[in-house]
Amino acid sequence: MAYKFIDNYREQGARKQLVELLKRRGIEDKNVLEAIGKVPRHYFFDETFWNQAYKDIAFPIGDGQTISQPYTVAYQTELLHIKPDDKVLEIGTGSGYQTCILMELGADVYTIERQQNLYDRTVQVLPYLGYKPNFFLGDGSKGIPQYGPYDKILVTAGAPFVPEVMLKQLRIGGVMVIPVGSEKEQKMVTILRVGEQEYERIELDTFRFVPLVGDQAW
Ligand code: SAM
């Protein structure tokens, strides 16, 4: 695939329109909208498909995976209430677009991807674009215990259940956002860790994610 990094008026204009669309769809957090307005989503597409980059749709990124729909990225990010310097674990780096949004909000991101090709690409492209998260290759369904606890945990693939081992990596007061359900559709779930053994779980809207595949997953 031929990736190019030029941000023209056309793409900038399309990005502004996308932000307006997300506002109309109910995204309210100004910082999240500002981050979406800053990160050139077309950089994560082959130039042939730049005309698709600012539509509110998921799009194939190879290896059977997708870059999430902008609304989904905004929705999950809003639920996390990212504060500058939050230590965030992201499961499913994919294209790296969501990672950049988290970093625009000031997060220190630990991101893990199980597909070698996607990992190889983000390890090169994100630092080139000025984003330097901590990259990992492997099965993120078990989290990354050696770097925990995390202030926030974001899972960007559909899980059959909430992995217990991941919950343990959440700081007390921390929040996890994870889509949970069948392989066909999932409910967005937020979990607040309120104590050593206590968690508050809220189920929200229905989404369709690619499956979380691994030891503590499908
Ligand atoms: N957030 C990404 C973006 O902005 O492009 C989209 C992520 S895509 C919907 C889900 C990703 O999760 C895929 O790249 C997939 O390979 C990855 N994935 C699935 N199971 C995983 C696992 N156990 N550990 C790490 N990554 C996983």
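Me: Which side chain does the side chain of Ser141 make a polar contact with?
Reply: The side chain of Asp139, at 2.8 Å. Keep in mind that this is a predicted model.

Me: What backbone nitrogen does the Ser141 side chain reach?
Reply: That of Gln216, at 2.9 Å.

Me: Where is Ser141 in the fold?
Reply: Ser141 is in the loop between β5 and β6.

Me: Is Ser141 buried or exposed?
Reply: Buried, because its relative accessibility is 0% and the cut-off for buried is under 20%.

Me: Back to Asp139. What does its side chain have to do with the ligand?
Reply: An N or O atom in the Asp139 side chain is 2.9 Å from a nitrogen atom of the ligand. The side chain of Asp139 also has the polar contact with Ser141.

Me: Which backbone atoms come up around the ligand nitrogens?
Reply: A polar backbone atom of Val213 is 2.6 Å from a nitrogen atom of the ligand. For Arg114, a backbone N or O atom lies 3.4 Å from a ligand nitrogen.

Me: How much of the ligand's accessible area does the protein cover?
Reply: It covers 99% of the 600 Å² that the ligand has on its own.

Me: What kind of space does the ligand take?
Reply: The largest pocket.

Me: How many residues surround the ligand, and which are the closest?
Reply: There are 27. The closest are Ser95, Glu113, Asp139, Gly140 and Val213.

Me: Which one gives the most?
Reply: β2, with three residues.

Me: What happens just after α4?
Reply: Gly106 takes a positive phi of about 95°.

Me: Which residues other than glycine have a positive phi?
Reply: Asp63 and Asp85 are among them. Phi of Asp63 is near 55°. Asp85 has a phi of about 75°.

Me: Where do those two sit?
Reply: Both are in loops. Asp63 lies between β1 and β2. Asp85 lies between α3 (70-80) and β3 (87-91).

Me: Why does Asp85 count as exposed?
Reply: Because its 66% is past the cut-off, which is over 50%.

Me: Switching to peptide bonds. Which one is cis?
Reply: The bond from Gly148 to Pro149 is cis, with omega near 0°. Pro149 is in the loop between β5 (134-137) and β6 (150-155). Ser141 lies in the loop between β5 and β6 as well.

Me: What about Gln169? Where is it?
Reply: Gln169 lies in the loop between α6 (164-167) and β7 (170-181). Gln169 counts as buried, at 5% relative accessibility.

Me: What backbone nitrogen lies 2.9 Å from its side chain?
Reply: The one of Ile144, which faces a polar atom of the Gln169 side chain at that distance.

Me: Now strands. Where is Thr190, and is it buried or exposed?
Reply: Thr190 is in strand β8 (residues 186-193). Thr190 is buried, at 12% relative accessibility.

Me: How far is Thr190 from Leu80?
Reply: In sequence, 110 residues. In space, 8.5 Å, C-alpha to C-alpha.

Me: And Phe59 from Ile27?
Reply: They are 32 residues apart in sequence and 21 Å apart in space, again C-alpha to C-alpha.

Me: Which strand holds Phe59?
Reply: β1, residues 59-62.

Me: Why is Phe59 called buried?
Reply: Because its relative accessible area is 14%, and under 20% means buried.

Key: Residues numbered from 1 in each chain as written. Predicted model: local features only at pLDDT ≥ 70, side-chain atom pairs only at ≥ 80, totals over all residues. Heavy atoms only, no water. Near = heavy atom within 4 Å. Polar contact = N/O pair within 3.5 Å; in protein donor to acceptor, adjacent residues only side chain to side chain. Areas by Shrake-Rupley, 256 points an atom, 1.4 Å probe, with all protein chains shown as cover. 1 Å grid on protein atoms, 1.4 Å probe; cavity = no way out; pocket = protein on both sides within 12 Å on 5 of 7 lines; lining within 4 Å. Sits in = over half its atoms within 2 Å of the grid points. Helix = DSSP H or I, 4+ residues; strand = E, 2+ residues; numbered from the N terminus. Buried < 20%, exposed > 50% of the residue type's maximum accessible area, 1.4 Å probe, protein only.
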